[in-house]
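Me: Please take a close look at the salt bridges in this model, and describe what surrounds them. I would like the cut-offs stated along the way.

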Amino acid sequence: MGWLFYTDGRVQTYADEKAEIARLCTSHGERRKTELVKACKVGSTWYAAARVTSIDGSPVEDTTYVTDADGSITFGAVFLTRYDDGCWGYKDMEESAGPNESRAPLGLIALLSDLKDPDSYAQDWRQRCRNWASIPDYEEGDKIRLATPVTLTDGSTCQIVTATHYRRGRQKRRCYRIEETGGLVRLSKASLAGSELLSSAKGAASPVLAEFLAGRN
């Protein structure tokens with residue numbers, strides 16, 4: 001389905017968004033009911049786990065999911081969200097539709113029922129979420145080899161970098177020193193996928209940045 005925007009201003013805050021996601025994941029029919037188990041926001045995207053149970057307590061039979069021991073099934077859902085002219089809107093997808101956004105936390109993935117088809121879109125989506133979660137959060141001074149060279153704005157490339165930081169006002173921001181040139185570059189988390197730690201140099205200070213700045217003086 002497409003985007004749906006609320007023009008009545010009912011959603012303005014994080015709490016409003018979470019409450020609306022919970023409402024959207026809740027339904028009661030004649031035979032089944034669906035309730036939100038967990039919701040997490042990553043960037044502008046909400047990820048949800050919703051449990052389906054039978055009203056009469058019988059096991060839920062489903063073509064996509066293996067029924068859990070308690071007779072229920074729990075599926076994943078993705079809600080793309082954005083504000084347009086002050087109006088909050090969303091576009092929702094069930095995990096079996098193969099959503100592109102795949103940064104759901106592992107704790108949420110662990111709540112979902114097993115899948116009957118090992119080659120389904122949902123299985124692929126869950127694996128992409130796991131792959132995203134497995135990207136290392138490198139420490140200050142760690143020397144890294146990227147899985148593939150990154151092309152910079154000047155057309156050059158870099159593959160071996162060292163984690164450091166710079167400050168903008170009171171904020172400390174992660175960046176990386178390029179091995180070949182000594183220059184600094186910011187890298188997205190996605191560009192670190194499949195990277196390899198070559199050496200570790202943990203420390204509260206930033207000897208890498210100090211060396212870089214000293215070379216410029």
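Reply: A salt bridge here is a side-chain nitrogen of Lys or Arg within 4 Å of a carboxyl oxygen of Asp or Glu. The model is predicted, so local features need pLDDT of at least 70 and side-chain atom pairs count only at pLDDT 80 or more, while totals for chains, interfaces and linings use all residues. Residues are numbered from 1 along each chain as its sequence is written, and side-chain values use heavy atoms, with hydrogens and water left out.

Side chains of opposite charge can pair when their charged atoms come close. Over the whole structure, the search finds seven salt bridges. One of them joins Arg126 and Glu95, with an N to O distance of 2.9 Å. This pair links distant parts of the chain, 31 residues apart: Arg126 sits in helix H3, and Glu95 in the loop between strand S6 (87–94) and H2. Helices (H or I, at least four residues) and strands (E, at least two) are DSSP runs, numbered from the N terminus.

Both partners are buried: Arg126 has a relative accessibility of 4%, and Glu95 has 0%. Buried means under 20% relative accessible area, exposed over 50%, and partly exposed in between, with a 1.4 Å probe and protein chains only.

Ser120 lies in the loop between helix H2 (106–109) and helix H3 (121–133). Ser120 counts as buried, at 16% relative accessibility. A polar atom of the Ser120 side chain is 3.2 Å from the backbone nitrogen of Gln123. A polar contact is a pair of N or O atoms within 3.5 Å; within protein, one must be able to donate a hydrogen and the other to accept it, and residues adjacent in sequence count only if both atoms are side-chain atoms.

Another salt bridge pairs Arg23 with Glu20, at 2.6 Å from N to O. These two residues are three apart in helix H1 (residues 14–24), and therefore separated by about one helical turn. Arg23 is partly exposed, with a relative accessible area of 45%, whereas Glu20 is buried at 7%.

The side chains of Asp8 and Arg10 also form a salt bridge, with 2.9 Å between N and O. Arg10 is partly exposed, its relative accessible area being 43%.
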